Amino acid sequence: MDGPVTQSFGVLGNGESVRRACVGTDGISASIITLGAAVQDLRLSAVDHPVVLGFPALDGYIENPSCFGATVGRYANRISNGQVRVEGRLIHLDRNEHGRQTVHGGREGSATRNWRIIDHGRTHVSLADRLPDGHMGFPGTLEVTLTYRVIPPMDLELEFHAVTTAATPCSFAHHSYFNLDGSQTVLDHELQVDAEHYLELDTDKIPTGAVLPVESTPFDFRSLRPLAQGGIPFPHDHNFCLSRDQQPIRPVALLKGPGSGLEMEIETTEPGLQLCHGAMTSTRSPGLGGSPYGPHAGVALEPQCWPDSPNRPDFPPAILVPESEYRQTTRFRFQRFGLPDSGS
């Protein structure tokens with residue numbers, strides 16, 4: 001790339017302009033849009049397909065129920081009954097899933113908001129948003145920034161920072177769906193997750209409170225194995241328990257695409273990793289390849305706090321207070337393990 005490139009990506013119904021910022025190095029390039037602070041496209045050198053699901057035009061993001069590429073918050077994942085007790089006060093939140101629980105910060109959570117670009121260089125872009133006190137029911141004005149960086153040879157790094165004026169649940173997550181092969185499904189992708197336990201869910205995908213061992217279950221990814229066992233997909237939409245609190249950034253998962261010879265290692269500070277793939281990737285709008293996506297077209301691997309942590313004192317802490325800061329670093333590290341020699 002010659003230098004920073006920012007361009008229009010369309011106009012919202014309220015007249016606001018959505019901007020697209022492009023960042024890159026010789027090995028990796030990313031396109032970030034202000035709507036949802038989303039990764040709209042992600043490309044690697046010597047690979048002729050995008051490695052994320054996305055849309056070529058704004059229309060696909062106006063209706064984006066699966067949050068392709070978006071930043072979800074102010075609390076990623078689910079909060080049971082759409083309510084939480086903060087400093088002894090019962091807070092009622094926007095119940096945007098089945099009218100019963102809150103997911104991804106409510107119907108106007110950060111994935112739906114038009115962030116603003118505050119800094120942009122050849123290899124980085126920083127975006128910011130201000131969630132006002134009472135937004136979707138959450139207490140406190142929350143100021144959040146997110147910086148995307150591309151790092152040679154082929155790394156994409158995300159750094160979050162947030163502060164609040166009142167105690168509030170706070171956990172952001174990046175919500176790209178990855179497909180390393182450019183194939184119709186990712187069911188033959190191999191996954192490894194450094195987790196001995198996962199969270200049991202009820203029928204509303206709310207944790208029951210049970211932290212269960214992965215051994216002898218469909219959640220045992222301690223060694224590399226395909227997402228589908230025997231060609232039969234399992235409807236994963238679960239949290240893997242990496243730790244009981246934030247940690248220094250460390251490797252937590254590895255995804256391999258057998259068709260492309262690409263692998264993606266995930267490093268993060270977060271205590272949880274949400275695995276999600278299935279029918280939720282089906283779209284009406286054409287994707288980056290020109291056709292709508294079908295079931296299992298990508299896999300989301302979302303570092304975050306555990307779901308419903310604000311309601312469970314035995315889960316990792318998830319309340320941000322004015323005297324503290326929320327920080328998260330997540331890095332997606334791509335490399336080739338079987339691509340033909342490109343001659344470079």
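## Lys256 and Glu263

Let's start with a hidden pair: Lys256 is buried, and Glu263 is buried too (buried is under 20% relative accessible area, exposed over 50%, partly exposed in between, with a 1.4 Å probe and protein chains only). Their side chains meet in a salt bridge at 3.6 Å, N to O. That term stands for a side-chain nitrogen of Lys or Arg within 4 Å of a carboxyl oxygen of Asp or Glu.

## About the model

This is a predicted model, where local features need pLDDT of at least 70 and side-chain atom pairs count only at pLDDT 80 or more, while totals for chains, interfaces and linings use all residues. Residues are numbered from 1 along each chain as its sequence is written, and side-chain values use heavy atoms, leaving out hydrogens and water.

## Arg100 and Asp204

The structure holds 20 salt bridges. In one of them, the side chains of Arg100 and Asp204 meet at 2.7 Å, N to O. Arg100 sits in the loop between E8 and E9, and Asp204 in the loop between strand E18 (197-201) and strand E19 (207-213), so this pair ties together parts 104 residues apart in sequence. Strands (E, at least two residues) are DSSP runs, numbered from the N terminus.

Arg100 is partly exposed, at 39% relative accessible area, whereas Asp204 is buried, at 18%.

## Asp94 and Arg107

Asp94 and Arg107 also pair up through their side chains, in a salt bridge of 2.8 Å, N to O. Asp94 is in the loop between strand E8 (89-92) and strand E9 (102-103), and Arg107 is in the loop between E9 and strand E10 (116-120), 13 residues apart. Asp94 is buried, at 14% relative accessible area, while Arg107 is exposed, at 54%.

Note on methods: Helices (H or I, at least four residues) and strands (E, at least two) are DSSP runs, numbered from the N terminus.
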